[in-house]
Each structure stands twice: as C-alpha cells, then as structure tokens.
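Here are my notes on this model, point by point. Please keep the structure open while reading.

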Amino acid sequence: MTEGNSRLSRRTLGKLAVGAGFGAATYGGFRAASADTTSDTAAATWKATGTAVPALSSFDSTMKSFMQARNITAGQLAVTYKGRLVLARGYKWSADTALNVQPTSLFRVASLSKSLTAAAIVKLVQDGKLTLTTKVGSILDLTPPAGQTRDPRLANVTLWQVLQHTGGWDSSVTPDPQWNDRVVAKALGVPMELYPKDVIKYMSGQLLDFTPGTKVAYCNFGYNLAGRVIEAVSGLPYATYVQQKLLTPLGITRMAQGWSIAKHTGEVPYVSKYTGTTVLNETGDVVPAPYGSFSMRVMDAHGGWIASAVDMVRWASMFDKAGTVLGSTALGQVFKTPSLGVNPDGWYYGLGWAVRPVTTGGTGRNTWHVGSMPGTYTLLVRTYHGMSWAALFNQRDDASGLGYGDIDAQLWTAAGKVTAWPTNNLYSTYF
C-alpha cells in the first residue's frame with residue numbers, strides 16, 4: 001500500500017462521513033449568514049502553545065498554512081510515535097485576545113465519537129453481556145408510533161450491522177433522522193429539543209432503505225441505537241459507561257459530552273458562515289449554525305463527544321495492543337475484515353474505524369476516522385508503522401472554498417519530512 005492510496009480511501013470515507021453532519025446542510029435549512037460570522041482576520045495574529053519540537057517543525061508549519069488559508073481561528077494537533085506523545089500543540093489565528101487555545105483545550109470531535117461507542121459495545125461483548133450478532137430489537141423497544149407498522153426486516157438488524165453501517169438505513173435515500181429534528185418532532189407530536197429515544201421511536205415506524213446486511217451506507221442512526229443498547233445492557237447512562245469502563249482506565253478525564261449552547265471550561269468557540277433555525281425549542285429563531293441548528297443531545301453516541309487532541313491520540317493508543325480495556329479477541333473484532341463492504345482499493349469500515357490493511361513496505365493496517373459538523377472538522381489517524389495523529393479545528397466552512405479534507409494528505413506529507421523522530425514523551429505532561 002502507498003500513502004497516496006491511503007489518503008484516497010480516507011477522502012472517500014470523508015465524503016460518506018462528512019458529518020456527524022452531512023445531513024445538516026441538506027435538511028437543516030442552513031443559509032448564509034447576513035453578515036460573515038467568521039472572525040475578522042485583518043489583524044489576526046498567530047500563536048502556537050505547547051512545547052515546540054524542532055524535529056517536528058513540518059507539522060507546525062502545515063497547521064499554520066492550513067489554518068491561515070482558511071481563516072480557522074482555533075486548531076490543535078497531537079502526534080505520537082512508537083507509543084510516545086512527541087508533539088502536542090494548540091494553534092490560534094485570530095485577533096481575539098480572549099481566545100486561548102492550549103494543547104488541552106476541548107473541541108467537538110463529531111464522528112470520531114463512533115470509535116468510543118463501538119468500543120463500548122465490544123467491551124460488553126468481551127464481558128459476556130451480549131454478542132455482536134445480538135439483534136437490536138431483542139434489547140430495545142422498537143414499537144412504532146400509533147397507527148404505523150414496523151418494517152418486519154427491522155427485527156433482524158444486529159449490533160454488527162449497525163456498527164458497520166449495513167443495518168438498512170441510507171441517508172442518500174431517506175433523510176438522516178439524527179439531523180431531521182423538526183420532521184421527527186412533528187411526526188411524534190413532541191416538542192423540541194428531542195431525545196435520542198424520540199428518533200428511535202420515529203424510525204421504528206419507517207421503512208428500511210435496504211435489507212439489512214446487503215449494502216454499506218454510512219449511518220449515524222445505527223450508532224444512536226448502539227448507544228441505547230449500551231444503556232440497556234449496562235444499566236448506566238451512555239456517557240457514564242464510556243467514561244467509567246473505557247476512558248478512566250486510560251487516564252483520560254477531560255473528555256465529556258458536548259452541549260449545544262453552553263461551553264465546558266476550556267472549550268473553544270465554534271465558527272461557521274451559516275445560520276439555521278434552532279432545533280432546541282419551538283421558537284423558530286435563526287441561530288449561528290454551530291449553536292442550535294442541531295442537537296448535541298440527540299447526537300451523543302455518534303457525534304456528541306468533546307476532547308483535546310492529546311485525549312484522542314491517547315484513546316487511539318488503546319487499539320495498538322491488548323490491554324486492560326480490550327483484549328486481543330476484542331481488538332480483532334474491531335478490525336475484522338467484513339464479508340460485505342471491502343472496497344476495490346482494499347479499505348473497509350470496521351467497528352468505529354475505517355481500516356486499510358498494509359502489505360507493501362510492511363504489514364499491519366492504517367486506521368482512521370473523520371468528523372464534521374457545523375463548526376467542527378476533525379481527523380484521527382493510526383498508521384501501520386507506529387505513528388498516530390489527531391487534528392481538530394473549530395470550523396468546517398469559510399469563504400476560501402478550500403477543502404478541509406486536504407489536512408489528511410498534508411499531515412502525511414509533514415510526517416514524511418521528519419528525518420529523525422525525537423525520543424521525548426509528553427504523556428506525563430498531560431495525563
């Protein structure tokens with residue numbers, strides 16, 4: 001495998017996964033703001049925080065040029081090599097003196113959240129609480145709304161299928177219900193802001209777009225179902241289970257579920273040139289797109305987490321080898337080649353990760369995920385030769401017209417420019 005092919009496959013996933021938020025632009029009633037909501041960069045200054053590592057200056061320069069070309073006000077990067085945290089940086093390109101971006105600042109990570117939800121299911125499997133072939137309907141109440149009939153195929157949807165996007169829902173055919181709050185609320189006769197269970201109730205009365213297990217179609221709703229399975233089986237709220245069973249054993253304490261409006265301490269502001277109608281209440285107010293045009297509460301299990309880049313590479317390191325959280329059998333399930341959905345160039349969607357086996361220049365696999373929603377673009381990469389990086393940004397659109405997925409190829413290029421990897425390890429600074 002070449003890195004070029006790897007980048008192509010990640011871009012392909014990006015087109016599928018561009019949300020948690022692809023559906024929002026289509027169904028959320030987004031419109032350009034009457035005044036540009038991006039910050040005035042005429043007097044912007046560049047500031048990088050965290051320890052500068054001269055051997056890794058190519059990463060700093062890449063982030064600087066990427067952010068300045070798109071007028072991104074806040075960004076973050078963490079890089080590991082052979083299990084060591086070798087770079088942890090916060091970046092600011094803004095005239096706002098109050099904006100403070102540190103290596104530990106918190107960002108919405110959007111669909112990077114899926115790796116946590118999938119791992120939580122696999123953890124429950126490891127603990128003998130269920131199996132990946134367990135049918136979702138045997139755990140959750142999928143009774144349709146009054147007067148509607150459930151698609152009989154819904155009873156056959158398994159956990160493996162919802163985690164690998166083969167459960168029967170295709171947002172290119174039927175609008176993504178995780179981003180269709182107003183339609184769901186009207187159909188159920190309930191007020192907004194919705195709860196995840198409201199979306200499940202609504203979808204229990206809708207026809208599937210295809211027979212489960214016959215097609216791959218990226219699906220946020222499947223991860224909503226997985227989140228509710230975690231709650232039903234563990235007896236704990238979704239976020240509590242993830243924090244107690246997955247994050248705490250790794251020493252990760254900053255990560256949390258994000259809020260639609262309020263900010264956590266240390267969380268960055270989010271920027272978009274678009275506005276939308278709020279889904280947090282029935283007022284019909286027009287709001288900045290990142291602040292109420294979608295519900296973070298509804299997205300908890302597929303796009304609801306906030307984290308720093310150092311948290312995300314620490315999380316990614318759990319998948320490097322068997323440990324106290326997931327053993328070798330469980331990790332094998334996460335990355336197992338599926339019977340359906342291996343693409344012509346060899347990559348496939350595992351459980352919460354895109355996967356590409358590597359046989360040229362070594363053996364192993366590259367794994368990755370992208371995340372995107374109004375005000376957020378994120379990338380998490382693990383490479384077969386012992387590197388990983390997480391790049392987080394506080395916007396995904398701007399007037400430049402430049403792509404945000406370009407950061408993937410640019411960070412691979414930055415890694416290729418490193419002539420000697422440093423021996424430092426910054427983990428003790430942040431954990």
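1. Start at Trp315. Tryptophan 315 touches Ser115, Leu116, Ala119, Leu246, Leu247, Leu250 and Ile252, leaving aside residues up to four places away in sequence. Contact here means heavy atoms within 4.5 Å.

2. Basis of these notes. This is a predicted model, with residues numbered from 1 along each chain as its sequence is written. Local features need pLDDT of at least 70, side-chain atom pairs count only at pLDDT 80 or more, totals for chains, interfaces and linings use all residues, and side-chain values use heavy atoms, with hydrogens and water left out.

3. Confidence. The mean pLDDT (the predictor's confidence in each residue, from 0 to 100) is 92, and 91% of residues reach 70 or more. Where pLDDT is low, the coordinates should not be read in detail.

4. Cores. Trp315 is also among the residues with the most contacts inside the largest nonpolar core, together with Ile121, Trp169 and Phe319. That core has 91 residues. Helix α4 (residues 113-126) gives the most to it, with eight residues. A second, separate core of 32 residues includes Phe59, Ile72, Leu379 and Ile407. A nonpolar core is a set of buried Ala, Val, Leu, Ile, Met, Phe, Trp, Tyr and Cys residues joined through side-chain atoms within 4.5 Å. Buried means under 20% relative accessible area, exposed over 50%, and partly exposed in between (1.4 Å probe, protein chains only).

5. Helix packing. The axes of α4 and α9 (residues 238-247) come within 10 Å and cross at roughly 75°. The two helices are therefore roughly perpendicular (65 to 115 degrees). Leu116 and Ala119 of α4 take part in the contact, as do Leu246 and Leu247 of α9, among others.

6. The loop between α6 and α7. Leucine 194 sits in this loop, between α6 (181-188) and α7 (196-203). Leucine 194 counts as buried, at 0% relative accessibility. Its contacts include Asp181, Val199 and Arg297. Glutamate 193 lies in this loop too. A cis peptide bond joins methionine 192 and glutamate 193, with omega about 15°.

7. Positive phi. Lysine 82, not a glycine, has a phi of about 55°. Lysine 82 lies in the loop between β3 (74-81) and β4 (84-94) and counts as exposed at 52% relative accessibility. Alanine 110 also has a positive phi of about 55°. Alanine 110 is in the loop between β5 (107-108) and α4, and is buried, at 0%.

Technical notes. Helix = DSSP H or I, 4+ residues; strand = E, 2+ residues; numbered from the N terminus. Axes fitted to C-alpha atoms, helices over the stretch in contact; angles between N-to-C directions. Parallel < 35°, antiparallel > 145°, perpendicular 65-115°, else oblique.
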